[in-house]
Amino acid sequence: MSTTSPVLVRIFLAADLSIKAVYDDNSLFLLASSGSTFTNVDAYGNCVTQLTLYAIKRYKRKLAEVVKFRNLHVDHALIPPSPQDGSYHLGYRLSSVTWPPTAAIAEAEGRLRFQSDGSAVLDSEDSAARIVLHPNASRVAVCYPLLIPSADTSQYQYIWQTQLFSTDTTPERWQWPLHLLRLASAARQPEQQRDSSNAAQSKEQQHVQQPHSKTTDLPTAAVLDTVLTTFPKASWWFDCSHRLPHNIIILLEWTPDALYQYHPNTREAAVWIHADESCLLSEGHGAFLRHRKGSPQPDRLYAAEAVPVHISSPGGHRYPLAEFAEHALHLRRSCASTSAHRIDVMPALPEEGDTLCPDSLQQADVDGIHEQHDVPGCGIFTAYRDGSSNVAFHDTALLYLKPSREHCEVITPDGHRITVATATPLGVEHYVAQALEFADWAFSLPSERAAALQQAAKIRTELGKCRRAAALCEWAQGQLMSGKSHDHMSVVSKADCCDHNIIAVPNKTVSMYVRTSIEGVANTDHTTPTEREQMIQALLSKSSHLLNSLS
């Protein structure tokens, strides 16, 4: 029987460069910050930790996916699992590349040019590296030869490495070529164009000054060590749901539809939408969102609560813009709240002889908890400070409720992952109802809780009264039907009697209590059996209506 490989559905990149990958079969793949250790968790929860240098064949596909993602977005790249694929050798070491001194010179030499889609391309003077600015001027891609360290000094092994960065988080080594591309792109904008004489004079001055060319030192692939690093058990790292952590800053979150990014410097978030490569940027501490599609389409600025539900791209793609915006703002709130207190990431690699202390990490993992209850026979309900809730039911189902409470993610006991609207949770109604009830309680005000508790106490008191009245009525009805009394104890329970300071006594005393406590039964000696039965039925009906109104 052929087995299907699991499909990658989410990747999280933490601030310490640790990576968590989630697959569609609920399996996990974790890569340590140094890249030297990985942990694979299969769909049944079996956990295996190995050194990256000695990864066995069954894990190499997942390892290659995760390392590729890391190298694509992190400045200091790791040695890929198969460095010989696509590599080439040189007899000399290429340690740096040179860039033109000005944008005008680069354009005159043909090294700076614009593509038909509006992107700007700049090649180094030695044609060894290239940098491309996206049409929306918010993203940059670089391509350069990455040196693979080797003990052989007679030749040097290189691979072509491509990396993507936001223009706000571009490493220092690429700032100068990015600066040239920004100047060239700004000059093409109609609102920033000057008159022809000033532009010509500026270009002439740039040629006359002839500033020196700028160089960029090329990075070298990081060498992996043999130190085994473990992730803390019972923490977010081993949670197969898509929820965000509450004590770890997530820099990047990849999904099949979009890439979410958090900028620690500005505490803003960005979404790179795969359908049309547009960008959604938060501004004003999340109060506004700017949608950049690139030239010639102008930017769109939306209030955070007024983002269109769906939007269509020029290519006919239709995607949920409001959903992207909601998750991006959730990422911004979560990371900004964490960075405001502390940056809690995985510890540095221990020195030889040292061990990690998972207890402190597990304690840190619950710092974001607002309230938690273990309900017997139901599950563990957890509410977090950002407004989200998580429920681990006893039948192994998992539920994650977003802060807005409009949508929730459910992993059913058979392993299926579904996302439903809380208004219409088809198939998982009982899970969603319990989660919503807990969320309403967890995030209610103290005055609201006090009122609810008082109302619950009143209901319990009334129900107790009704139960006792019903028990007495049943006893009286039995007396009417039998026509004689018995010597056994009353049907009124001792617990109910104690609640109202009533002592359980033989039937004679209870008969006196019934005659003096129940309206319509006090004069039973002067009524016919039929009339007595009608009285009892009326009293039972009245108690039933009262129970229905309170339940």
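The charged end of Lys214 sits over the ring of Trp176, 5.3 Å from its centre. Such a placement requires NZ of Lys or CZ of Arg within 6 Å of the ring centre and within 35 degrees of the ring normal. Lys62 likewise lies over the face of Tyr23, at 4.4 Å from the ring centre.

This is a predicted model: local features need pLDDT of at least 70, side-chain atom pairs count only at pLDDT 80 or more, and totals for chains, interfaces and linings use all residues. Residues are numbered from 1 along each chain as its sequence is written, and side-chain values use heavy atoms, without hydrogens and water.

Now the aromatic rings. The whole structure holds 13 aromatic pairs; rings of Phe, Tyr and Trp (its six-membered ring) pair if their centres lie within 6.5 Å, with planes under 30 degrees apart counting as stacked, over 60 as edge-to-face and the rest as tilted. Phe231 and Trp237 have ring centres 5.0 Å apart and planes at 55°, so this pair is tilted. Phe231 is buried at 4% relative accessible area (buried means under 20%, exposed over 50%, partly exposed in between, with a 1.4 Å probe and protein chains only). Trp237 is buried too, at 3%. Ring pairs link Phe12, Phe231, Trp236 and Trp237 into a cluster.

Turn to Asn71. Its place is in helix H1 (residues 57-73); helices (H or I, at least four residues) are DSSP runs, numbered from the N terminus. Asn71 counts as buried because its relative accessibility is 3%. Beyond its neighbours within four places in sequence, Asn71 is in contact (heavy atoms within 4.5 Å) with Ala77, Leu78, Gln161, Thr162 and Gln163.

Terms used:
Helices (H or I, at least four residues) and strands (E, at least two) are DSSP runs, numbered from the N terminus.
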